[in-house]
Amino acid sequence: MVKSTSTRKERRRSRHRLMKRQRTLYLMLIPGILWALLFAYGPMAGLYMAFIDYQPSLGNFWSNFFGSEFVGLRWFRYFFSGQDFLNVLRNTLCSSILTLSIGFVIPIFIAIALNEVKGQFFKRMVQTVSYLPYFISWVIAANIIVTLLSSEGLINQLLIACGFIDEGIFFLQEGKRFWLIVALSNTWKDMGYNSIMYLAAISAINPELFEAAQVDGAGRLKQIWYILLPMLRPTILILLILSIGSLLNTGFDQYFLLGNSLNRQYSDVIDTYTFRYGIQNGMFSYASAVSMFKSVIAFLLVLTVNTISKKLEGSHLF
């Protein structure tokens with residue numbers, strides 16, 4: 001018992017000594033902690049709005065907020081029983097799954113392909129060109145996409161010149177093509193930036209593994225399949241967990257800018273739905289309930305995928 005107590009005291013002293021030596025690092029954490037408290041955890045108090053009938057007025061905000069009628073789960077029942085629920089959920093899930101299927105795989109191929117390129121000038125040029133769309137705002141990107149897909153745009157001109165069609169196609173006016181357009185647009189915009197993490201993971205692989213495989217007679221394809229991809233698996237799984245966590249967070253900008261009244265049946269997702277009812281129609285409590293539903297589902301998805309990955313592969317976030 002005495003030995004156990006002395007061991008705990010020694011561990012406590014060692015922790016205190018370590019914290020004292022690293023006090024500068026702990027001080028550097030303070031701005032980040034304050035930012036998280038103010039901008040990440042502080043606004044979570046607004047979730048209470050999902051359970052009240054909040055009506056904004058010119059009076060004091062806090063008195064209106066906490067003095068509003070408590071309605072419990074009324075707004076959630078209203079959302080689940082509404083005509084828009086299934087359509088909005090379908091658009092969000094189908095569009096996100098399609099975007100994830102295309103946009104998650106392509107950066108891996110880009111990273112592997114760039115790793116195989118020997119010419120440094122060409123490699124840097126491809127990296128720069130693929131990174132640039134990420135830094136373009138969606139306002140500019142959406143205008144580029146709309147121009148390319150217009151009835152007289154470059155895409156239609158190429159299809160007509162190749163003889164695939166006789167007249168221009170109204171891509172953004174036909175809802176059945178909208179999910180694929182958004183998926184390809186998201187992939188084009190983010191693929192270069194997302195490939196950076198895979199390139200960093202590839203650079204950390206011991207080159208002696210490839211040299212040993214080459215001595216054994218393995219070609220480049222076998223080296224990629226049996227060495228590079230298995231070594232990338234932990235990184236792929238972690239990024240997949242994060243991507244699935246944001247499955248319902250489709251993004252507001254691209255759907256708002258590319259969507260219109262003709263394709264709303266396919267372009268109306270949870271983010272645009274909450275904007276329309278919360279900001280345009282002034283139903284703040286209802287929009288808060290819908291947004292809270294999205295956050296809860298995203299949290300459950302992260303827990304589920306993290307648990308599955310932990311049991312199957314041993315790679316997990318927590």
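Trainee: How many nonpolar, polar and charged residues does the lining of the largest pocket have?

Mentor: Ala, Val, Leu, Ile, Met, Phe, Trp, Tyr, Cys and Pro count as nonpolar, Asp, Glu, Lys and Arg as charged, and the others, Gly among them, as polar. In this predicted model, the lining of the largest pocket has 12 nonpolar, 13 polar and 1 charged residues. The model being predicted, local features need pLDDT of at least 70 and side-chain atom pairs count only at pLDDT 80 or more, while totals for chains, interfaces and linings use all residues. Residues are numbered from 1 along each chain as its sequence is written, and side-chain values use heavy atoms, with hydrogens and water left out.

Trainee: Which residues of the lining lie nearest the centre of the largest pocket?

Mentor: A pocket is an open set of points on a 1 Å grid over the protein atoms alone, where a 1.4 Å probe fits, with protein on both sides within 12 Å along at least five of seven lines; lining residues have an atom within 4 Å of a point. Here, 26 residues line the largest pocket, and T99, D190, N194, S243 and S246 lie nearest its centre. Its space is about 710 Å³, a volume being the space filled by probe spheres set on the grid points, which are joined across faces, edges and corners.

Trainee: Which helices each supply at least two residues of this lining?

Mentor: Helices are DSSP runs (H or I, at least four residues), numbered from the N terminus. In the largest pocket, α5, α9, α11 (220–245) and α12 (253–258) each supply at least two lining residues. The largest share, 8 residues, comes from α9.

Trainee: At what angle do α5 and α9 pack?

Mentor: Two packed helices are described by the angle between their axes and the distance between the axes. Axes are lines fitted to C-alpha atoms, for helices over the stretch in contact, and angles run from 0 to 180 degrees between N-to-C directions. Under 35 degrees counts as roughly parallel, over 145 as roughly antiparallel, 65 to 115 as roughly perpendicular and the rest as oblique. Helix α5 (residues 84–116) packs with α9 at about 40°, the axes being 6 Å apart. α5 is therefore oblique to α9. The residues of their contact divide into 20 nonpolar, 9 polar and 1 charged.

Trainee: Is the crossing of α5 and α11 left-handed or right-handed?

Mentor: A crossing is right-handed if the near helix is turned clockwise from the far one by less than a right angle, and left-handed if anticlockwise. α5 and α11 pack at about 140°, with axes 11 Å apart, and so α5 is oblique to α11. Their crossing is right-handed. Contact (heavy atoms within 4.5 Å) involves residues including F104 and I108 of α5 and L228 and L240 of α11. By class, this contact has 11 nonpolar, 2 polar and 2 charged residues.

Trainee: Which residues make the contact of α7 with α9?

Mentor: The axes of α7 (residues 138–149) and α9 (residues 178–203) come within 12 Å and cross at roughly 130°; the two helices are therefore oblique to each other. The crossing is right-handed. W138, A141, I145 and L149 of α7 meet I181, S185, N186, W188 and K189 of α9, which divide into 6 nonpolar, 2 polar and 1 charged.

Trainee: Where does the largest share of the lining of the second largest pocket come from?

Mentor: That share, 5 residues, comes from α9, and α7 also supplies at least two. The volume of this pocket is about 280 Å³. Its lining has 10 nonpolar, 1 polar and 1 charged residues, among them I145, L149, I181, S185 and W188.
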